[in-house]
Amino acid sequence: MGAPRQDRTRSLNIRYLLLAGVTFSLVAGMAYIESRRSHALARAHRAAESRELDDRFGREFDRLEMRLQELKTQAIRAIPFADRRRYPSGVVSASVWTKAPSGVVRSLGFEAEGVWEQALYRVLPAEIAKRTGAAVLPLVGPELANDPSGETLRLGLFPDADGVHVAAIAFRPHALFAAGIPSGGVKTYLIEDSGLILAHTNAAEVGTRTSALADLYRRSSHRISSKSWEGFPTTIRFERVPGWNAFLVMEKVHAPVRASTNPLLILIFISGSLLGILFLGLAIIRPRKPPVAGLAPIVPEVALETAPIPVRTFVPRSAPVTVAAPTPEPRRGLRELRENPPRFIPRAPAVEAPSLAAPVPTNAAQTASDPAVPNSELARFLTARKARSETAEQNRLRREKILLEEFETEARRAKGRERLETKIVESVSSATKSPALFFRYDPLQGIARLSAEAGYPASRSILGAGGMSFALETGLVTEIHAEVARGRALNLWEYPPLVRVMLTRLGIANFEAWPMTEARNPHAGPPRLLGVLVVAESGVDSVLHREFMGALLERASRHYARQDA
């Protein structure tokens, strides 16, 4: 009878396995079909976004030359008013030149202001004589190329119809985007063959160099499919601008598209998976075997005192066995069982709870004054450490007070901003044990230039090696003023242009940068930004002395106002 039962069990297991396989196959097929549908929707969405990018790129490429012509027209119209402030945003200089038999002469424009514009007027006749059409050129010449702020300046030449009169403007190309190109998830920028980014929808990227991208655009034709840093597919559309060694580029990152899933389909997935797991469990679990007929368990009588291991044996029912019934023990109460437990239950060891009558001392003074408590080494150690920390804090505050008094004395004697800025960085470097830098802010050009340093040996002087500078955006200056109005200071350690300068020139990424503003009555308008103080190596010392640096910058701003007066 055992063989037919085993055959039936095996056939049931096979059927359950087949049902589980069919169920899992159906669920996997439905999941595959759903994934293919999602991929098809994503491809269609990406194709639609690519077509929209092509249309938008064509419109922006046509408008770029129009915006450049408008910039030139507005700049030339501002010349008769004899006021440079009427120049449109981004234009630095504008003039009109005439080609005569004697040479190229300036017929309209302001007189040269400063060394830079004088050098520009000397270069322009030769550049105009060499060209017959409109062109946008980088500034050349020793006086023009060595200015750090002139790296993103470009010279535009626009001849009229007869070619006799040529309008020349020196402008910053990011003014072409100043009208506001709507982003809509599209990154637009203007990049030269050298890899220099001249204009960008993100103003912080202007002035950076990516020669690898410029090489890629030169070797490719109009469109590139790539991936973003997050791994999303990206379409890049670009075209060379006529008369300009630059490319107009638009990048569109295609966000993942998630197709809406039918709730009924989700319910089918879950039900099918559970049903498949059930069939698989029924196929794996084996039924319990019944006991063999004709055998019965027999437990022999064993005395408790000897405590042998009981042995379960099986004997045929036909063999008569006489087993003595065990004698039941009389019922005993709980107290009797506790006082006289059975011999086969071991007693647990008695544990006495500690007395809570005497309180535990909480400090070293109580331990030393109480004769019942021993004067431990731990208490003496804690007392000594607390005394050392209090002494260190008092020494730090005394040192800060001395530095502030020395700064006040030296600032009153200072006869110029240079000496005042030098004393600022020397005081901060002495307090924080870190090199310190001070960048003076020029509001006309929007650039902060290094004017004082401390903490570096003479062989590693940054000022002696050419100095440093970085641009300050108008939005950041507004944010600094807003934080000052709230009574807080804004740390510029994450500002991209400053981070890039510190990394490339000094190889430092962990620093602090605190703006110094003019001390002014709150009702007199927003304070004026004076400069930025940089602690080159941020650490525990700089964090402990932040209140000192705030007081130092406040006093220095008052002395700045005295110097201006």
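User: What does contact mean when two residues are said to touch?

Analyst: Contact means that heavy atoms lie within 4.5 Å. In this structure, which is a predicted model, residues 24 or more positions apart account for 54% of the contacts in the chain with a separation of 6 or more.

User: How many helices and strands does the chain have, and what share of its residues counts as buried?

Analyst: Residues with under 20% relative accessible area are called buried, and by that cut-off 34% of the 565 residues of the chain are buried. The chain has 13 helices together with 17 strands, while its accessible surface comes to about 35500 Å², with 58% of that area belonging to carbon and sulfur atoms.

User: In what order do the strands of the open sheet stand, and which of them are at the edges?

Analyst: The open sheet has 5 strands in the order S2-S1-S5-S4-S3, and their pairing is antiparallel. Strand S2 (103-109) and strand S3 (135-138) each have a single partner strand, so one side of each is left without a neighbour in the sheet. From one strand to the next, the twist averages 30°.

User: How many bridges join S1 to S2, and which residue is the bridge partner of Ala100?

Analyst: Strand S1 (residues 91-100) runs antiparallel to S2 and is joined to it by 6 bridges; Ala100 has Gly103 in S2 as its bridge partner.

User: Which helix packs on this sheet?

Analyst: Helix H2 (residues 114-130) packs on the sheet, where it touches S1, S2, S3, strand S4 (154-159) and strand S5 (165-171). The direction of helix H2 makes about 40° with that of S1.

Definitions and conventions
Residues are numbered from 1 along each chain as its sequence is written. This is a predicted model: local features need pLDDT of at least 70, side-chain atom pairs count only at pLDDT 80 or more; totals for chains, interfaces and linings use all residues. Side-chain values use heavy atoms; hydrogens and water are left out. Helices (H or I, at least four residues) and strands (E, at least two) are DSSP runs, numbered from the N terminus. Buried means under 20% relative accessible area, exposed over 50%, partly exposed in between (1.4 Å probe, protein chains only). Accessible areas come from the Shrake-Rupley method with a 1.4 Å probe; for residues, only the protein chains shown count as cover. Two strands pair if DSSP finds at least two bridges between them. Axes are lines fitted to C-alpha atoms, for helices over the stretch in contact, and angles run from 0 to 180 degrees between N-to-C directions.
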